[in-house]
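Subject: Structure for your review

Dear colleague,

Please find below the sequence and the structure that I am handing over to you. My notes on what was found follow directly after.

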Amino acid sequence: MAERSLTLMAVHAHPDDEATSTGGVLARYAAEGITTVLVTCTDGRCGDGPGGVKPGDPGHDPAAVVAMRQAELEASCASLKVTHLETLGYADSGMMGWPTNTLPGAFWTTPVDEAAERLADLIRQYRPDVVVTYDENGFYGHPDHIQAHRITMAAVAKTDIPAKVYWTTVPRTAFAEFGRIMRELGVEWDEPDASSPEPQLELGLPDDEISTWVDTTSYSGQKYDALAAHASQTENIFFLQLGRDRFAELMGMETFVRVRDTTGASLPEDDLFAGLR
Ligand SMILES: [Zn+2]
């Protein structure tokens, strides 16, 4: 009987999220012969348009943004050697409170069960051993990230297929270091929590609450290229301004919280596939 390769599925909200928080693991596990599946839930229409036009400004054409971001997503996947890219095609809902939250087709107002059933079909098709998505706050409160979390957890419950499920996170110590370097480089850096709908909410986790630390430093070049493929989105420019060496230093360690496990692998662990190979 042919042995089936181990499979990683990452579920993300927008084109570019795959690069920011999971570019390292996607590149590393592909290089280790693991099948990688990226599911991108929305079309990113609320992102910056060609020429840096902001959503809501004159000349921001959602159809043009969607086409551009799809091409960028494909280029990013090529850098990360993603085996299969699946797009669910929901409309980007924009930031919390934007009128785009409730437009027809917006991911945020799509019933969780409906979108979860589509994702469950992909889980039945690819049978991922490991699934990665965001925490219940979508890491920083973006409605599409919260919705991606909800449909992923619902699809995992429906299928009972993945042996391990993880939520992406960032150690608070890394945030502090990142802020320090951005100030040192003189980069105007919008502290991410400034845009959070709940200002009291602290982003990321204390180091001792992080279960899984995956060193992807050797793949930082691919991760940098994947982010560069999405350079039309202003927030990515911050990361690119670090330059490749600093980027590898700061963005090489990807961290997760394990929320489902049927393998019994002990914690903390340094491999999403610990207990599976
Ligand atoms: Zn996003």
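Arg-180 and Glu-184 form a salt bridge, with 3.1 Å between their closest N and O atoms. The term salt bridge is used here for a side-chain nitrogen of Lys or Arg within 4 Å of a carboxyl oxygen of Asp or Glu. Both residues belong to helix H5 (residues 172-184), where they are four residues apart, about one turn of the helix. Arg-180 is partly exposed at 38% relative accessibility, and Glu-184 is partly exposed at 47%. For these terms, buried means under 20% relative accessible area, exposed means over 50%, and partly exposed lies in between (1.4 Å probe, protein chains only).

Please note that the model is predicted: local features need pLDDT of at least 70 and side-chain atom pairs count only at pLDDT 80 or more, while totals for chains, interfaces and linings use all residues. Residues are numbered from 1 along each chain as its sequence is written, and side-chain values use heavy atoms, with hydrogens and water left out.

The structure holds 21 salt bridges. Among them is the one between the side chains of Asp-113 and Lys-158, at 2.8 Å from N to O. Asp-113 is in helix H3 (residues 112-126) and Lys-158 is in helix H4 (residues 143-159), so this pair ties together parts that are 45 residues apart in sequence. Helices (H or I, at least four residues) and strands (E, at least two) are DSSP runs, numbered from the N terminus. Asp-113 and Lys-158 also belong to a network of salt bridges that links them with Glu-117, Asp-121 and Arg-124. Another salt bridge joins Asp-271 to Arg-277, with the closest N and O atoms 3.1 Å apart; Asp-271 is buried, at 10% relative accessibility.

I turn now to the sheet. Seven strands form an open sheet of mixed pairing, in the order S3-S2-S1-S4-S5-S7-S6. Strand S3 (84-90) and strand S6 (212-215) stand at the edges with a single partner strand each, so one side of each has no neighbour in the sheet. Two strands pair if DSSP finds at least two bridges between them. S6 pairs with strand S7 (residues 253-261) in the antiparallel sense over four bridges, and Val-214 has Glu-254 in S7 as its bridge partner. On S6, Thr-212 and Val-214 make up the covered face, whereas Trp-213 and Asp-215 make up the uncovered one.

Yours sincerely
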